[in-house]
Amino acid sequence: MIHSLFLVNASGDIFLEKHWKSVVSRSVCDYFFEAQERATEPENVPPVIPTPHHYLISVLRHRIYFVAVIQSEVPPLFVIEFLHRVVDTFQDYFGVCTEAAIKDNVVVVYELLEEMLDNGFPLATESNILKELIKPPTILRTMVNTITGSTNVGEQLPTGQLSVVPWRRTGVKYTNNEAYFDVVEEIDAIIDKSGSTITAEIQGVIDACVKLTGMPDLTLSFMNPRLLDDVSFHPCVRFKRWEAERILSFIPPDGNFRLLSYHVSSQNLVAIPVYVKHNITFREGSSQGRFDLTLGPKQTMGKAVESVLVSSQLPRGVLNANLNPSQGTYTFDPVTKMLSWDVGKINPQKLPSLKGTMSLQAGASKPDENPSINIQFKIQQMAISGCTQAGQTL
Amino acid sequence: MTDSKYFTTTKKGEIFELKAELNSDKKEKKKEAVKKVIASMTVGKDVSALFPDVVNCMQTDNLELKKLVYLYLMNYAKSQPDMAIMAVNTFVKDCEDPNPLIRALAVRTMGCIRVDKITEYLCEPLRKCLKDEDPYVRKTAAVCVAKLHDINAQLVEDQGFLDTLKDLISDSNPMVVANAVAALSEIAESHPNSNLLDLNPQTINKLLTALNECTEWGQIFILDCLANYTPRDDRESQSICERVTPRLSHANSAVVLSAVKVLMKFMEMLPKDLDYYGTLLKKLAPPLVTLLSAEPELQYVALRNINLIVQRRPEILKHEMKVFFVKYNDPIYVKLEKLDIMIRLASQANIAQVLAELKEYATEVDVDFVRKAVRAIGRCAIKVEQSAERCVSTLLDLIQTKVNYVVQEAIVVIKDIFRKYPNKYESVIATLCENLDSLDEPEARAAMIWIVGEYAERIDNADELLESFLEGFHDESTQVQLQLLTAIVKLFLKKPTETQELVQQVLSLATQDSDNPDLRDRGYIYWRLLSTDPVAAKEVVLAEKPLISEETDLIEPTLLEELICHIGTLASVYHKPPSAFVEGSRGVQHKRLPGSAGSGESADSPDTGSAAGVSEAPPAVIPSQGDLLGDLLNLDLTPPTTSGPPPAPSSGMQMGAMDLLGGGLDSLMGDESEPPPVPQRTDTPQSPQLSHQSPSPPDYSPTELGGDLGGSPAMGAGFGAPPTAMPASFPPPVSGGLDDLFDLGGSVGMPMGAYSPPKSIWLPAMKAKGLEISGTFARRAGVIQMEMTLTNKAMSIMTDFAIQFNRNSFGLAPAGPLQVLTPVGPNQSIEVALPLSTVGPVMKMEPLTNLQVAVKNNIDVFYFSSQYPISMLFVEDGKMERQVFLATWKDIPNDNEAQFQIKDCHLNSDAASSKLQGSNVFTIAKRTVEGQDMLYQSMKLTNGIWVLAELRVQAGNPNYTVSLKCRAPEVSQCVFQSYEAMLKN
């Protein structure tokens, strides 16, 4: 099982170590540093590194490497999942998961790690339970603690720990009962220059924020459950019922949680809500090129397309670009040849465009006229997959 | 106010300051001080000096303070065992606290204090907690058993905790069940053959019930445990599968992968015509695809596993090719894995898509990735015949890019394509030849040379091309040199008239100017073949080569089966069986897939889970076949170069080389005088022409070798196989003759059991690819040491040394890793002392003091065995009380007495006594009867066996008599030998 954990910052210092079994010397991290040196990019450090006596499994989050040391045959995914859980918990507790935040709260961090793992076996990883055991630091509580001498550590056995619904604590009371569900969908698509979709896939999640009194039992049904063929659920969801009736039935945890995540593959046709018109030309023998890019919305059902960011890797021969955006700002990095254009919101009446000229290296051959263009955007209150909620009952 | 302030104080008097604060009356100040201590501890500062002060803070009602003190205790109890005892009382008290949280906390912390003395006090509270009414305490206690087992396994067994733990599997609370399973699995790892997790249908049922209700981590433990079960029939298998399937939709990827493992294994038992089988296959795909949208680290592990799954059951993911397409922002390690899987999934249906993708990848910037992409195109061509043409044209397009590494890689794969589809794509050779000058990597050069040689008859200027390579022959790498030699010989056989000069040139370069034995041997063989029978040479050198098939890069089926059983583990990430790398996995059971009950595959693996101890080291040096030939010839007994100018190929065909081969082979084949170390001998075919040679005596001298075989015509026929395949056609157990040769210098003269015997050669360089190990054993300051000299007699640097022992009579095991920190260069020696412990696994050896050792370096693993003097095991406290001695002497039956004579020893009794004392043989009493000195001596072995001795020394008589009495009479012989060695040293 998990033997030790080292936290390593971007400059290669170990700033926190925790051992759950015998103490492993921190020199074991030298193997990690070696691998880190070999990797060109920080994220290219291989996740599993063998050393003569241990295995190092690492994840990189928020510019901190979480390096777990294991000694025997342990499922690596188990370790990686656990490390993710550690990161999530830190983020949950401290708002951000940075070196400064961890150092600021080192005692809480230590208490948390101790609570999350016992002899390498996970103990309590549900944020609900942890929060009952160790209260997250807030300014108010720190004040109160300093004055009264009370502590962050809960006095009571966490109630959910042993019940059949370990994710929910008992005795929850709210004056306002409310439940929110956010459907967040990310779409990855590749579109060729004529505008037809080559591949598209959707990663969706439903995040919930439930503040309900007592032991509520919720059901959630969808208009088109068939879309969700590949789902993974929060443990609270009754899988049998979903299999049989395609209805989500569950006793929710208290507070924020991810109810389910799903994946819609390209077999189901996806309508991309944005289109790009581009015209990039280079003339043979001339050191000038023309650049013209227009964005427009399509099939957004009246919703606004926001936070649009266009980036494009221009050909190597381009020395500089002199462009004129109709809205937003653009930057061009002459070293990496990366053009990025922060468009903002698309106004369907006045489509945003970026026009201008590019100067080329003299004498270079005519570059490729089809650089790839990446677009990121957000649309509130719309699910691309067409997944809609039919109703919910308590 | 944040905790970061704790990190800032690094003043000199810090410890004193903290000490004062810890002893402060104010609670608040105390707590702050403990927090500061913890913070210092976290960053690795040594605050162990504060131990007593911190422990004093333990008795408190403040839960946070208690927890902090516990944290501190866990870290430092080991270094302050005596002080840790002080904490025991509080623990015992806390274990009876009304608050279950405190009870659990106490039992948890106690288990983390790795101090032997404390463990005894721990048993009672732990027993109570295992039966606690509160499941939270029970589940914590279950883990505590595993902790305790790690510290003191014997204690756990004696106290019966294992049975209690087994009972917990039937606990009503699923979390307790999960933790009990986890604890048992961990304990079972160190007891490979114990039946700790005795799985039967009832327990399986309980586990499956618990599976639905426990936490995600518990589910992983239970699923991993389920995977070890072998269902009785396909019905049971199906019902387990049905109950495990819902886990595929879990949000935790580790749960998903463990579930996949269980399903993949149990699926084997389902009949393929069953509807459910098809359903299951369909259900497996989506979760695997979902894993690929997770974080890159998860993707990597998932991809390594998918790689196994698609080899075993390609049908699961055959429609999912697109998800394996590389994304521009994938980390490189994910990209490379995806490429691998793309090739495995490539089929006629999707090859167009795949090729288009691969072509794109080949224009990326990352060199490693581009290379692999180009290689992948070649593998596609080999795998999908219909696509070969398209692949070749894609490769040609890539060659046109003139990007150096792309071109080189493309040429390497085109060579493979030629071997798969001969006489189909030779039209592209001209294009390849254009790029000849830009090739600078050995592999690409070798590939190009192979192509030129193979198709010499179609390339007009083949001789010129090859000649151009020949100019820098010495600067080339071996790979290129070998290829060039073969290519020129091929050219000569195809166009004998104009290339005679060239072939002579290359043969003389290879045979005379090269130090490389492989190259020289190949040169000689060609030379001789050409000179004796050019027709035969043609048959051999230009023989039709077997076609390359795609299987070459698949994992071998039995290994694959084993790996499928290890899905989700490190083994599946490394694609190696766990026994190959996991430390401490001695005796790990080979897992195999269960045979299918419904279909005809049942004969597949009847002995599921047979306990094959993998790490049992073979008893003697096992040379690998290929290199032995090289070593043999490397003896260089009668080098032809000494006989003056090189003989012309047409003349008498250098006798030296022939004799060399003849003599070498003679001893290779014939010597039966020593039993072969590996039992493979029976199943290796020996070529009949050679086996009739009479066994050469073990003491043959090198000079005899020359004339021994003369010009036996059988030789040529014996080499019927193509030269490249030659080493493999030799039978492996060839150590006989060579063994003897080396034993003359080595083990024959090995002195036995001096108090520290002089070093002797344990592993001769010839048997270990140039690594020579000589060594001895010594006991220094109560520590048994294995002192070795590692000598590198090979040409290359050796690194990465490691050592392992087989089980032995006294449980000797390395107490630490082999400390060879610097690489050992050629002709360099390094001295190492390896401290040994006696707590390793025990198995009786014959002879008793035999020790089988495996040494690994960057080249290979080598095995040898040696004998250690038993005197090394005599411990320092082996002095018996007089009375006890007397009583014991009487107590041991006379049958156990053994008497020996030690001859020619010229010491008086006092000198003998003091000499023996140095080796921990203690003289308890001395009596003189009729001019005869009687010394009564005792010694104790590391495993607690006492040996009592009576040594009779008569003045003037060089012969001593020693009588040994011991409850384990087997050791007497060894002890006697030690006596002799100690006294005569």
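Entry 1, salt bridges. I looked for salt bridges across the interface of chain A and chain B in this predicted model, and the rule finds 6. The rule asks for a side-chain nitrogen of Lys or Arg within 4 Å of a carboxyl oxygen of Asp or Glu. I noted one pair, Arg108(B) with Asp118(A), whose closest N and O atoms are 4.0 Å apart.

Conventions. I number residues from 1 along each chain as its sequence is written, and letter chains from A in the order in which they are written. Local features need pLDDT of at least 70, side-chain atom pairs count only at pLDDT 80 or more, totals for chains, interfaces and linings use all residues, and side-chain values use heavy atoms, with hydrogens and water left out.

Entry 2, the rest of the interface. I find 85 residues of chain A in contact (heavy atoms within 4.5 Å) with 84 residues of chain B. The two chains bury about 7400 Å² between them, 60% of it on carbon and sulfur atoms; buried area is the accessible area (1.4 Å probe) lost on putting the parts together, summed over both.

Which helix gives the most to the side of chain A that touches chain B? Helix α2 (residues 76-94) of chain A does, with 8 residues; helices are DSSP runs of H or I, at least four residues, and strands are runs of E, at least two. By class, I get 40 nonpolar, 23 polar and 22 charged residues on that side. Asp, Glu, Lys and Arg count as charged, Ala, Val, Leu, Ile, Met, Phe, Trp, Tyr, Cys and Pro as nonpolar, and the others as polar.

I searched the whole structure and found 10 cavities of 30 Å³ or more. A cavity is a set of points on a 1 Å grid where a 1.4 Å probe fits but cannot get out, and lining residues have an atom within 4 Å of a point.

Methods:
1 Å grid on protein atoms, 1.4 Å probe; cavity = no way out; pocket = protein on both sides within 12 Å on 5 of 7 lines; lining within 4 Å. Points joined across faces, edges and corners; volume = space filled by probe spheres on them.
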